[in-house]
Amino acid sequence: MSPRGLSIEEVAQCQHPGDFLRVVIASAPKKISLAQICERSGISSKGYLSDVLNNKKGLSFEAGRRLSRGLKLNSNLTKYLDLLILTAESRSMKDRNEIARNEELLARQRKKLRYRRKSIRVESK
């Protein structure tokens, strides 16, 4: 993984919000701790964030938006995270129509990200 940015291919392989966040955090130019991420994002529990990163807990839209702001993600990456959250929720509800719809939206967003074909920078303090 390039320390200078986040590759589209790595992002497109993520199937869960926790996978996506792990890739984003690992690609930051400077090492960042869970405590720093929680502080920047307004998330009160490192344990919760750890569980999300390890795919043990789901991520709410509100927490996803806070993390997007705290990690300074651009609008395309924020939308991709939103879609991952939606898809994860659909899978937990086992709603086949909703799962198919969200998978289609995810595929479109992956295509948009790949179309840009440039490395996406993640800022750190």
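A residue is called buried when its relative accessible area is under 20%, exposed when it is over 50%, and partly exposed in between (1.4 Å probe, protein chains only). The structure is a predicted model, in which local features need pLDDT of at least 70 and side-chain atom pairs count only at pLDDT 80 or more, while totals for chains, interfaces and linings use all residues. Residues are numbered from 1 along each chain as its sequence is written, and side-chain values use heavy atoms, with hydrogens and water left out.

The protein has 7 helices and 0 strands, where helices (H or I, at least four residues) and strands (E, at least two) are DSSP runs numbered from the N terminus. Of its 125 residues, 42% are buried. With contact taken as heavy atoms within 4.5 Å, residues 24 or more positions apart account for 65% of the contacts with a separation of 6 or more.

Because 8 of its 10 residues are buried, α2 is largely enclosed by the rest of the structure. The buried residues of α2 are Pro17, Gly18, Asp19, Phe20, Leu21, Val23, Val24 and Ile25.

Helix α4 (residues 46–53) has buried residues at Leu49, Val52 and Leu53. These lie on the same side of α4, because they cover an arc of only 95 degrees around the axis; the arc is that of the directions from the helix axis to the C-beta atoms. The partners against which the buried residues of α4 pack are α2 (17–26), α3 (34–41) and α5 (61–70). At the start of α4, a side-chain oxygen of serine 45 comes to within 3.3 Å of the backbone nitrogen of glycine 47.

The axes of α3 and α4 come within 9 Å and cross at roughly 105 degrees, so α3 is roughly perpendicular to α4 (under 35 degrees counts as roughly parallel, over 145 as roughly antiparallel, 65 to 115 as roughly perpendicular and the rest as oblique). Leu34, Ala35, Ile37 and Cys38 of α3 make this contact with Lys46, Leu49, Ser50 and Leu53 of α4. By class, the contact of α3 with α4 has 6 nonpolar, 1 polar and 1 charged residues; Ala, Val, Leu, Ile, Met, Phe, Trp, Tyr, Cys and Pro count as nonpolar, Asp, Glu, Lys and Arg as charged, and the others, Gly among them, as polar.

For α3 and α5, the axes come within 8 Å and cross at roughly 105 degrees, which makes α3 roughly perpendicular to α5. Ile37, Arg40 and Ser41 of α3 and Arg66, Leu67 and Gly70 of α5 form the contact, with 2 nonpolar, 2 polar and 2 charged residues by class.

Two loop residues also deserve a look. Most residues other than glycine have a negative phi. Asparagine 55, in the loop between α4 and α5, has a positive phi of about 60 degrees although it is not a glycine. Lysine 72, in the loop between α5 and α6 (75–93), likewise has a positive phi, near 55 degrees. Asparagine 55 is partly exposed at a relative accessible area of 33%, and lysine 72 is partly exposed at 38%.

Finally, arginine 114 lies in helix α7 (residues 96–116). Leaving aside neighbours within four places in sequence, arginine 114 is in contact with Ile8 and Ala12. The C-alpha atoms of arginine 114 and isoleucine 8 are separated by 5.8 Å, although the two residues are 106 residues apart along the chain. Arginine 114 counts as partly exposed, at 34% relative accessibility.

Technical notes
Polar contact = N/O pair within 3.5 Å; in protein donor to acceptor, adjacent residues only side chain to side chain. Axes fitted to C-alpha atoms, helices over the stretch in contact; angles between N-to-C directions.
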